[in-house]
Amino acid sequence: MKTKISLLLAVGLFCLSAISSGSKAATQESAKDAPADLILTNGRVWLGGDSSSFAEAVAISGRSIVRVGKTAEIKQLIGERTRVIDLGGKLAAPGFNDAHIHFLGGALGLGEIDLTETKNVAEMIERIAAYARKNPDKQWITGRGWEYTPFPGGLPTKSYLDAIIKDRPIFLSAYDGHSGWANSKALELAGITRETKFDGYGEIVRDAAGEPTGALKEGAQRLVRRLIPEPSRERKLEALRQGMKLAASLGITSIQNASGSPEELSLYDELLKRGELTMRVSVAFSVGPRTTPQDIARFAALKSQYDFNSQNQTMLRADSVKFLLDGVIESHTAAVIERYSDLPPNHGAPFGELALPADIYRDLVVKLDKAGFQIYTHAIGDRAVREALNAYENALNANKRLNARHRIEHIEVVSPEDIPRFAKLGVMASMEPIHADPGTTDVWSKAVGAERLKFAFAWQSLLKSGARLVYSSDWPAAISVDPIRGLHSAVNRRTVDGKPPRGWVAEQRVSIGDALRAYTQAGAYSSFEEGIKGRIAPGMLADIVVFSQDLFKIDPMRIHETRVTLTVFDGKVIYQDGVKF
Ligand SMILES: [Zn+2]
């Protein structure tokens, strides 16, 4: 209860401060008194939020935006030490908020094999072989990014890898992280044979003769993954620094780190204390059936250290938890209401399955909701989405906690009758436009079938129903972390080379304004920070991105060609025209 009151108070205070500093009298007063530190002029500044209006210039003092308006007016704030950047008519917007990302995993992966957007198996093998040649000392050859579509039957096999490397183990994750691809050496080290049984959530895939094929689904990946040496803390910090440089170059100024751990939080904390953190981070702790009351107590203690009242609340937060409720469509592990369309009649699990029993999940949701956590639930199939909505509804009835802003992650298929429940229950729809890139959806579409396809990644239906839609990349479980690629998918539902010509389930497209809102203001709302970021207005934190072309004016099929030319974070320029800071 205490948490709830302090949380509401904090939200209230943010709103008040935004309103008071936003009033004209207050800003004009301070305008005369204090020159700004940084001024952006002659731009087309999209203010974001619910507004569809634009300004020309922005003045920033310290960490905050102090004034927004016409260039001539803002220029009055130029003092001796003011840095002025002329935007030359370019579009500016609030910094991107990637609301679901596995940043550490993505950052560590930057030094591994990257199979994203390989068109066929031969191209994958070429990249793997090249990497192995370049890294002769690497004991394990690891990487990620393969897609299901290029493989006959939708899954890779060890034979492709054995043909190039026999003496070193290889383990490669699918682009979504839900399946793995191992060579014979890796299987041998893991002790995976014909006889190996796996009872957990997932599968050791076997051929007709019972021989493991090298494909591992979901939890079965752990059998191999646990053997890969854990990188040192220093290596992780270094990877995060590298990742933050990439994020800065893409205009990402805030992230919600889905599936975090106390250890991950401590890495961000170290970067924060060293003054190196160039993104606002909120960490969701992973929870599941093995979560103990002691774990919850530990997360709650960390939450009270990293919540709204903490000193660094705008930089680092940890007041949410994340469940994994099902798998993915492509490997038939997502939980669906009607059987998968492409499975033979005698298939053993034609509906996929929940990653944990519904009653255990529901009880944990009530407990965590009562403890004041915001809850994320990964639910991809329509059955899992329904269970998540049921659990949130049940918690609302039990604890009467309003404004909990619980979220469902991914929602790739949804039953039309569940769509209105999002708005009704105040549950956020947290989705990745890049996952609907038609270049990756062949296997997906076959598994789902024509009927359910109408509600594939149903962004438009959800928006129309009044649901709050928030966008993210899910990197590295995505073909790209670049928000621009996400915007391209959201607006076009076509690949960058225009396929299919009319768009994939085109009625679920959204406008560029809605897509940008889902990548900015909605992200801020999803971490209870809409009063301090996600829009360009006096009193808001100064996180701003500038683009090479005007996303509102160009042909939507050219969105993917857009580059970020300037990123301002916390009032400072952290990236400019190819120069990384
Ligand atoms: Zn994820």
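1. Aromatic cluster. Phe96, Trp444, Phe457, Trp459, Tyr471, Trp504, Tyr519 and Phe547 are linked into a cluster by ring pairs. Rings of Phe, Tyr and Trp (its six-membered ring) pair if their centres lie within 6.5 Å; planes under 30 degrees apart count as stacked, over 60 as edge-to-face and the rest as tilted. The whole structure holds 20 aromatic pairs.

2. Basis of the values. This is a predicted model, in which local features need pLDDT of at least 70 and side-chain atom pairs count only at pLDDT 80 or more, while totals for chains, interfaces and linings use all residues. Residues are numbered from 1 along each chain as its sequence is written, and side-chain values use heavy atoms, with hydrogens and water left out.

3. Overall dimensions. The protein chain has 19 helices and 25 strands; helices (H or I, at least four residues) and strands (E, at least two) are DSSP runs, numbered from the N terminus. For 581 residues a compact globule would have a radius of gyration near 25 Å, and the 24 Å of the protein chain agrees. That radius is taken over C-alpha atoms, and the globule rule is 2.2 Å times the number of residues to the power 0.38. The C-alpha trace spans about 80 × 55 × 50 Å along its principal axes. Of the 581 residues, 60% are buried (buried means under 20% relative accessible area, exposed over 50%, partly exposed in between, with a 1.4 Å probe and protein chains only).

4. Zinc site. His100 (NE2), His102 (NE2) and Asp474 (OD) coordinate the zinc ion at 2.1 Å. Along the chain these donors follow the spacing H-x1-H-x371-D. Histidine 102 lies in the loop between strand E8 (96-101) and helix H4 (103-109), and aspartate 474 in the loop between strand E21 (469-471) and helix H17 (483-492), so the pair ties together parts that are 372 residues apart in sequence. Histidine 102 and aspartate 474 are both buried. Donors are N, O and S atoms within 2.8 Å of the metal (3.2 Å for Na, K and Ca); water is not among the atoms, so sites may look incomplete.

5. Two edge-to-face pairs. The ring centres of phenylalanine 103 and tryptophan 475 are 5.7 Å apart with the planes at 65°, so this pair is edge-to-face. Phenylalanine 103 belongs to helix H4 and tryptophan 475 to the loop between E21 and H17, so parts 372 residues apart in sequence are tied together. Both phenylalanine 103 and tryptophan 475 are buried. Tryptophan 444 and tryptophan 504 have ring centres 5.5 Å apart and planes at 75°, so they are edge-to-face. This pair links helix H15 (residues 442-453), which holds tryptophan 444, to the loop between H17 and helix H18 (512-518), which holds tryptophan 504, 60 residues apart. Tryptophan 444 counts as buried at 1% relative accessibility, and tryptophan 504 counts as buried at 9%.

6. Parallel strands around E17. In strand E17 (residues 316-324), 8 of the 9 residues are buried, so the strand is largely enclosed by the rest of the structure. Strand E16 (residues 280-286) runs parallel to E17, joined by 5 bridges; two strands pair if DSSP finds at least two bridges between them. The chain passes from E16 through helix H11 (residues 293-305) to E17 in a right-handed β-α-β crossover. Right-handed means that, with the strands pointing away from the viewer, the path from the first strand over the helix to the second runs clockwise. E17 also pairs with strand E18 (residues 374-379) in the parallel sense over 5 bridges. The β-α-β crossover from E17 through helix H12 (residues 358-370) to E18 is right-handed.

7. Open sheet. 6 strands form an open sheet in the order E9-E10-E11-E12-E14-E13, with mixed pairing. Strand E9 (113-114) and strand E13 (202-206) are at the edges with a single partner strand each, so one side of each is left without a neighbour in the sheet.

8. Backbone points to check. Tryptophan 475 and proline 476 are joined by a cis peptide bond with omega about 5°. The bond from lysine 499 to proline 500 is also cis, with omega near -15°. Histidine 410, not a glycine, has a positive phi of about 85°; the residue sits in strand E19 (residues 407-410).
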